[in-house]
Amino acid sequence: MEESSSNVLSSEKPGKMKRTKKRSKGKEEEQEEQVFNFNKPADEGDDDDLSDSEDSVYSGLEDSGSDSEEGEEEEEEEESHGDDGEDEDDAEGEQSQQLQTEVKKKGSEGEEEKKADEYEHDSSDEEDIRNTVGNIPMEWYKDFPHIGYDLDGKKIYKPIRNKDELDDFLDKMENPDYWRTVHDKQTESDIVLSDEQVELVKRLQRGQFGDVNFNEYQPSVEFFSNEVMLHPVTNRPADKRSFIPSLTEKEKVSKLVHAIKMGWIKPRRVEDDSRGRYYDLWATEDSSILAQHKMHLPAPKIPLPGHQESYNPPPEYLFTDEERTLWEQQDPSDRKLPFVPKKFSSLRQVPAFPRFIHERFERCLDLYLCPRQRKMRVNVNPEDLIPKLPKPKDLQPFPTTQSLVYRGHSSLVRSISVSPSGQWLASGSDDGSVRFWEVCSSRCMKTVQVGGAVKSIAWNPNPSVCLIAVALDTVVLILSPSLADKQVVLASERLLAGQQEEEPSEGAGPVWSEAEGEELNQGIRLKIQHPKAIHQVAWHAKGDYLASVMPDHSSHLQVFIHQLSRRRSQNPFRKNKGLVQCVSFHPVRPYFFVATQRSVRIYNLVKQEMTKKLQANSKWISSMAVHPGGDHVICGSYDCRLSWFDLDLSTKPYKMLRHHKKAVRGVAYHRSYPLFASASDDGSVIVCHGTVYNDLLQNPLIVPVKVLRGHVITHDLGVLDVTFHPTQPWIFSSGADATIRLFT
Amino acid sequence: MSQLQARFFTENQRYVVDDVPFSIPAVSAVQDLSNVINKLLEAKNASHSKVEFDFLVRGQFLRTSLSAHMETEGISTEEVVEIEYVERITAPEPEECMMHDDWISSVHADTEWILTGSYDKTARIWSVEGKAVMTVAGHTDVVKDVAWVKRDGLTAVLLTASLDQTVLLWEWNSERNKVKARHCCRGHTGSVDTVSADPTGSKFCSGSWDKMLKIWSAVPTDEADEVEESADRPRKKQKTQHLGLTRTPLMTLSGHNEAVSSVLWSDSEEVCSASWDHTIRLWDVETGTMKTTLTGSKVFNCISYSPLCRRLASGSSDRHIRLWDPRTKDGSLVLLSLTSHTGWVTAVKWAPSHEHQLVSGSLDNLVKLWDTRSCKAPLYDLAAHEDKVFCVDWTESELMLSGGADNKLYTYRYSACQTDVGA
């Protein structure tokens with residue numbers, strides 16, 4: 001109640017202030033109004049300005065507008081429908097005035113005294129016209145019978161107040177207007193607020209305008225908007241200061257400029273976080289789960305429960321009496337099972353497990369106490385298991401670069417052969433000539449026209465004779481190139497001079513004949529006429545035997561072995577075992593290698609039996625070479641493969657090399673260096689290192705070391721033959737481009 | 001570092017400049033330095049005419065800029081650099097081209113005469129002016145090597161080695177222009193690939209494909225040595241075959257495992273031979289024993305010895321020219337490797353009057369002039385040949401010779417600087 005009253009009072013203040021002012025300074029009314037314009041835009045004086053002034057008129061001002069109280073009242077009544085608060089105010093004022101007059105009249109009355117007492121608390125002199133003591137603590141008048149003075153300087157006596165607490169309480173209980181009764185301290189009177197006043201109080205308490213009719217959301221006129229109006233709001237000329245720069249600002253700026261110049265003010269430093277103001281402690285940490293548990297050792301797992309643990313185990317798991325007694329007698333640590341399997345008719349009957357806590361505890365102890373060891377799992381990279389091949393660089397010497405080109409043939413050179421001394425190179429070509437070249441200078445020393453495409457050419461490997469076998473068409477020619485010492489030439493002549501044994505040869509057998517005339521001058525000594533086209537000739541290491549190959553599907557007459565000294569030919573095979581591709585003699589032992597399309601047969605010439613059959617995993621063998629040691633054979637095939645056979649190891653290839661892109665045409669072993677080579681239709685010669693060990697346990701080491709290119713592919717044919725120099729790590733290759741090339 | 005201190009010196013008194021250190025730009029190349037020296041010489045001697053110089057820093061020819069050279073050689077740039085300068089060797093000028101009928105296998109030059117061996121089974125004598133003087137025919141096969149033995153006035157003794165396994169000793173009278181086969185040196189069982197006469201002209205040595213070296217007397221006599229002929233050889237045939245009196249070797253030096261490709265006398269009692277068995281062997285002719293073996297890794301095609309620098313140069317079937325010191329006892333010691341050829345080096349020859357220069361011929365058709373002080377690159381490439389080069393030689397009269405498979409013998413004139421001769 002007290003609070004609400006004070007609120008009411010404060011809200012009433014401006015009105016009362018106005019009133020007093022009006023009374024004291026009537027002339028200044030206009031001014032005052034102007035001042036109060038700020039508080040109350042809806043002013044009387046501004047009525048002409050504001051269109052809605054009638055509604056928004058505030059009570060206090062209207063009060064002040066009238067001088068006489070009567071007029072006030074009248075006005076009040078006139079406007080009472082709109083302005084409740086004002087009415088109340090006025091009513092209050094009226095009341096208090098009435099009271100005052102009452103006090104004047106009956107000054108002796110207790111009630112009047114009390115009322116006078118109540119005036120003491122009112123401090124506003126402007127407000128209260130009945131008590132002129134001003135805004136002082138009213139307790140100062142506590143000991144006096146009056147509470148102040150009225151306008152005429154007469155004492156206002158305190159109203160007699162005989163209400164005690166009990167009365168107050170009773171009043172509170174009985175008086176229906178008690179809640180709206182307000183105690184005025186300055187006049188010590190109780191004021192009952194009217195309905196309008198209560199409404200005003202409530203409105204103010206809610207923070208609303210006192211005027212009910214005041215519309216706070218009415219549309220406003222935007223005088224100062226962004227729109228430039230045709231007519232200015234004021235006609236006032238712009239100030240001069242709005243044109244001239246501000247001196248103080250200038251001073252301030254110059255001070256700042258000076259400070260910046262002197263370095264007192266520095267531009268704000270940009271924090272560079274990139275250099276690591278914040279260090280990422282876990283930047284290098286692997287955040288994956290596995291990394292987090294790097295040293296994580298998983299706990300050993302408990303074996304899953306078996307049939308013993310079942311509530312209804314098969315009968316064989318149930319203990320017999322003996323077992324049970326044994327179990328009971330055993331030490332708990334020796335027992336096979338820590339419990340006795342029991343059978344229950346249904347799961348419902350299974351009791352609680354009595355040892356549960358115990359078992360858990362044991363488990364925890366196990367986990368805690370058991371020493372754990374990290375089991376290192378060995379990760380073996382399969383690549384590491386492959387034996388390391390040495391680098392080709394470490395396997396020197398081998399031919400690397402083309403050194404010499406032997407030019408002179410006009411057609412593809414099918415076959416080449418180097419003399420045992422390494423001084424001469426013989427080549428047979430499709431242009432019908434056999435040429436002899438000086439190896440070191442690529443000089444063609446001799447050309448023998450043989451009158452037919454030379455299929456194969458082979459220098460006699462015996463250094464004490466100088467002979468060469470040339471296969472063309474159906475004839476094998478024995479040439480004496482006389483490119484050696486006279487002694488050697490004579491020795492070879494002697495070898496050829498052997499008389500033909502008058503042996504009635506089979507009808508299809510080869511016919512030996514001596515060359516005559518011009519052919520003799522050219523060096524051709526013997527002609528061995530065969531029944532069919534000859535594909536290959538091969539010498540035995542001793543130089544007396546010569547094998548010739550006539551591939552034929554249908555005949556068993558495919559291979560002949562000729563003995564030079566006795567001018568004898570024989571056919572070693574009675575049966576046709578397949579199309580013979582090439583033959584070779586074993587370099588030291590009496591073996592004979594016959595390569596058919598898919599396999600290589602090894603025959604013992606002494607026992608006249610086949611000792612081995614090598615299965616080349618290729619479709620069509622093209623060429624074959626026997627290692628000078630005699631225990632290894634390489635086969636080239638038309639399906640681009642090169643197979644290395646270790647005769648001691650297996651009849652299957654020890655190694656297959658598939659380096660060529662096209663058919664392999666020729667293969668060769670070096671006589672002394674651990675080298676072998678293959679020539680192919682793709683125009684390349686691949687040189688491989690192939691060390692053979694005496695130790696039977698050690699397998700040959702095969703490393704491809706060099707691809708030699710140089711031949712031009714002509715008519716889809718590349719390199720046709722390949723052979724090594726007998727003493728140097730050099731290789732000769734003959735190609736379809738009619739050249740022979742030396743790589744060193 | 002833009003400047004460095006250099007002191008220039010030379011052994012040629014004509015071109016001496018003051019022995020004071022100069023500050024020269026570090027990036028200066030040979031031409032800049034040459035200009036500097038020329039300027040200095042002009043300042044000293046107004047009549048000086050411009051000479052091109054070459055510069056040696058610590059015995060190595062300057063080929064790049066000075067700073068780069070010193071960086072690669074690891075020479076400190078803080079100290080004063082001693083730079084020697086010599087008159088630049090001018091490029092050899094091709095002078096004559098002597099056409100042969102066939103490939104030229106060998107050449108040996110005298111002061112006046114050039115002897116060439118050819119694949120047409122003859123040897124030829126030419127004057128240094130390029131005039132064909134004489135054709136020496138007699139061999140039945142390719143002449144592989146030729147050598148002058150000695151010259152007494154108008155008669156000269158010369159040797160031709162051939163694929164027909166003989167060496168023929170000829171006597172040639174230059175006035176009458178008559179050549180006569182005096183001796184047929186028989187004994188080799190393979191083609192005689194190389195022959196070399198000793199400095200006194202009394203003996204010669206031949207090397208053959210049969211792996212043997214044979215020492216023969218080079219003095220023409222009128223007696224034929226007795227030859228144990230195999231009984232079955234018909235006497236009649238033997239007579240007709242022979243040209244001149246048969247001579248047998250004084251000594252046979254065996255030890256090589258492969259064909260002997262080149263032989264020479266390093267002094268009057270020492271023979272040096274190179275072989276396809278990757279070795280160079282030195283033999284004492286007096287005792288007929290092998291003294292030293294230098295082992296290489298590739299086939300040796302040719303060797304040459306310079307008494308001036310006492311080095312052996314070898315050309316091998318890889319593309320390197322290697323310099324050896326034959327007196328080292330600890331086996332193979334390659335002093336220097338000259339690499340620029342791209343084919344087999346078939347011929348190499350030291351300059352007779354210059355201790356640093358050598359010429360080499362290769363299967364890559366090039367003849368290269370080298371200075372051992374510039375081992376990275378040759379001084380000059382002589383690309384006159386159109387085919388394989390088989391032989392090179394020098395004359396003492398400022399000529400270089402090279403012959404090869406294009407049937408041409410080229411002579412090149414080069415200026416042997418007096419300064420170098422003096423050095």
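## Chain A at a glance

In chain A, 51% of the contacts (heavy atoms within 4.5 Å) with a separation of 6 or more are between residues 24 or more positions apart. This is a predicted model, where local features need pLDDT of at least 70, side-chain atom pairs count only at pLDDT 80 or more, and totals for chains, interfaces and linings use all residues. Residues are numbered from 1 along each chain as its sequence is written, chains are lettered from A and ligands numbered from 1 in the order written, and side-chain values use heavy atoms, leaving out hydrogens and water.

Chain A has 16 helices and 33 strands; these are DSSP runs numbered from the N terminus, with helices being H or I of at least four residues and strands E of at least two. Of its 744 residues, 42% count as buried, meaning under 20% relative accessible area with a 1.4 Å probe, protein chains only.

## Two nonpolar cores

A nonpolar core is a set of buried Ala, Val, Leu, Ile, Met, Phe, Trp, Tyr and Cys residues joined through side-chain atoms within 4.5 Å. The largest one has 44 residues, and A:Y406, A:L425, A:F436 and A:V470 have the most contacts inside it. Several strands of chain A each supply at least two of its residues, including strand 5 (402-407), strand 8 (433-438) and strand 33 (739-743). There's also a second, separate core of 23 residues, which includes B:L4, B:Y15, B:V81 and B:I83.

Back to A:F436: not counting residues up to four places away in sequence, its contacts include A:L425, A:W459, A:I468 and A:L479.

## A buried aspartate in chain B

B:D198 sits in the loop between strand 15 (192-197) and strand 16 (203-208) of chain B. B:D198 is buried yet has no salt bridge, and the nearest side chain of opposite charge, B:K203, is 5.3 Å away. A salt bridge here takes a side-chain nitrogen of Lys or Arg within 4 Å of a carboxyl oxygen of Asp or Glu.

So what does the side chain of B:D198 reach? At 3.0 Å there's the backbone nitrogen of B:S202, and the side chain of B:T200 is at 2.7 Å.

## A valine in strand 32

B:V392 belongs to strand 32 (residues 389-395) of chain B. It counts as buried because its relative accessibility is 5%. B:V359 is 33 residues away along the chain, but the two C-alpha atoms are separated by 7.1 Å.

How values were computed: Buried < 20%, exposed > 50% of the residue type's maximum accessible area, 1.4 Å probe, protein only. Lys, Arg positive; Asp, Glu negative; His and termini not counted. Polar contact = N/O pair within 3.5 Å; in protein donor to acceptor, adjacent residues only side chain to side chain.
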